[in-house]
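Take a look at how two protein chains meet. We will go through the contact step by step.

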Amino acid sequence: MADETKAPEQAATERPRSEGRGEGRPGGDRPRFGGRGPGGPPREGAGGRKFFRRKKVCKFCVERIEDINYKDYRLLGQFVAESGKIVPRRLTGVCAPHQHRLSSAIKQARNIALLPFAGRAS
Amino acid sequence: MNRTYELMFIVRPDMTDEDLDKLISTLQAAVPAAGGNVVKIEKMGKRRLAYAVRRFHDGIYVLLVVEGGGPVIHELERRLRVTEPVIKFLTVRIDEEQKRLAKIKALRDARKKVSAQPAAASEETAAPAAETPATV
């Protein structure tokens with residue numbers, strides 16, 4: 001799986017969670033794209049167990065979407081915040097290669113007025 | 001130099017269908033003259049713009065897929081720029097992306113064929129592995 005490679009860097013900041021992953025959490029329910037994670041502080045230290053966060057996975061890897069096109073504004077709209085900003089992958093869980101394509105597609109869509117530069121689409 | 005480009009442009013919403021057809025046909029005629037050929041023309045219809053462009057809030061989107069080199073694009077963009085009803089346009093080179101997608105598709109198809117026979121065997125081994133964490 002693609003997020004296997006991501007695991008070590010996450011484990012560095014969120015050490016307590018890696019042990020808690022085994023309990024009652026079969027791999028089956030992980031690939032649900034949660035949008036943004038629940039808004040906990042990124043570093044919680046020892047109290048990290050209280051916030052039980054779902055492991056984020058890349059939507060494009062899971063659903064095997066390879067074609068990230070600027071014309072598909074509905075898909076791109078899921079990765080744009082209310083303000084019109086591109087949502088960082090730390091919040092969405094998109095992997096680096098896909099985020100790269102995604103951000104350039106969003107920028108192209110903005111240029112042709114399919115997505116707003118700022119604010120909501122009028 | 002054979003490259004594929006995609007030109008998307010927006011014309012003002014109050015344009016009539018005949019005028020739009022006329023505009024598209026003139027653009028289409030300009031492509032072979034510059035040494036390219038038209039692959040596809042698609043009228044994507046009227047759509048609300050995400051932001052106001054020249055005080056318009058709606059626009060008619062048209063997509064034009066063209067094969068050819070730089071001179072073709074240069075000529076088309078020049079024409080779009082001087083055409084009054086065209087309010088915005090975007091050119092994207094798509095041949096390399098198409099190549100990449102075709103490669104991925106071929107790879108996936110090949111993998112599917114290989115995994116067709118041992119699929120039953122791998123499912124059996126995967127099922128108990130997935131269940132064990134649930135029962136603990």
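How many residue pairs are in polar contact across the interface of chain B and chain A? The rule finds ten, counting pairs with both residues at pLDDT 80 or more. Keep in mind that this is a predicted model.

Three salt bridges are found across the interface of chain B and chain A. One of them links B:Glu6 to A:Lys71, with the closest N and O atoms 2.8 Å apart.

Which elements does chain B bring? Those giving two or more residues to the side that touches chain A are strands S1, S2, S3 and S4 and helices H3 and H4 of chain B. The largest share, six residues, comes from S2(B). By class, this side has 17 nonpolar, one polar and seven charged residues.

Now for size. An interface is often sized by the accessible area lost when the parts come together. Chain B and chain A bury about 2100 Å² between them, and 54% of this is on carbon and sulfur atoms. In chain B, the residues losing the most area to chain A are B:Ala50, B:Tyr51 and B:Arg108, together 26% of what that side buries. The contact involves 25 residues from chain B and 22 residues from chain A.

The whole structure holds two aromatic pairs over all chains. In one of them, A:Phe117 and B:Tyr51 are tilted, 5.4 Å centre to centre with 45° between the planes. A:Phe117 lies in the segment after helix H6 of chain A and B:Tyr51 in strand S2 of chain B, so this pair joins two chains. B:Tyr51 is buried, at 18% relative accessible area, whereas A:Phe117 is partly exposed, at 46%.

Notes
Residues are numbered from 1 along each chain as its sequence is written. Chains are lettered from A and ligands numbered from 1 in the order in which they are written. This is a predicted model: local features need pLDDT of at least 70, side-chain atom pairs count only at pLDDT 80 or more; totals for chains, interfaces and linings use all residues. Side-chain values use heavy atoms; hydrogens and water are left out. Contact means heavy atoms within 4.5 Å. Buried area is the accessible area (1.4 Å probe) that two parts lose on being put together, summed over both. A salt bridge is a side-chain nitrogen of Lys or Arg within 4 Å of a carboxyl oxygen of Asp or Glu. A polar contact is a pair of N or O atoms within 3.5 Å; within protein, one must be able to donate a hydrogen and the other to accept it, and residues adjacent in sequence count only if both atoms are side-chain atoms. Helices (H or I, at least four residues) and strands (E, at least two) are DSSP runs, numbered from the N terminus. Ala, Val, Leu, Ile, Met, Phe, Trp, Tyr, Cys and Pro count as nonpolar, Asp, Glu, Lys and Arg as charged, and the others, Gly among them, as polar. Rings of Phe, Tyr and Trp (its six-membered ring) pair if their centres lie within 6.5 Å; planes under 30 degrees apart count as stacked, over 60 as edge-to-face and the rest as tilted. Buried means under 20% relative accessible area, exposed over 50%, partly exposed in between (1.4 Å probe, protein chains only).
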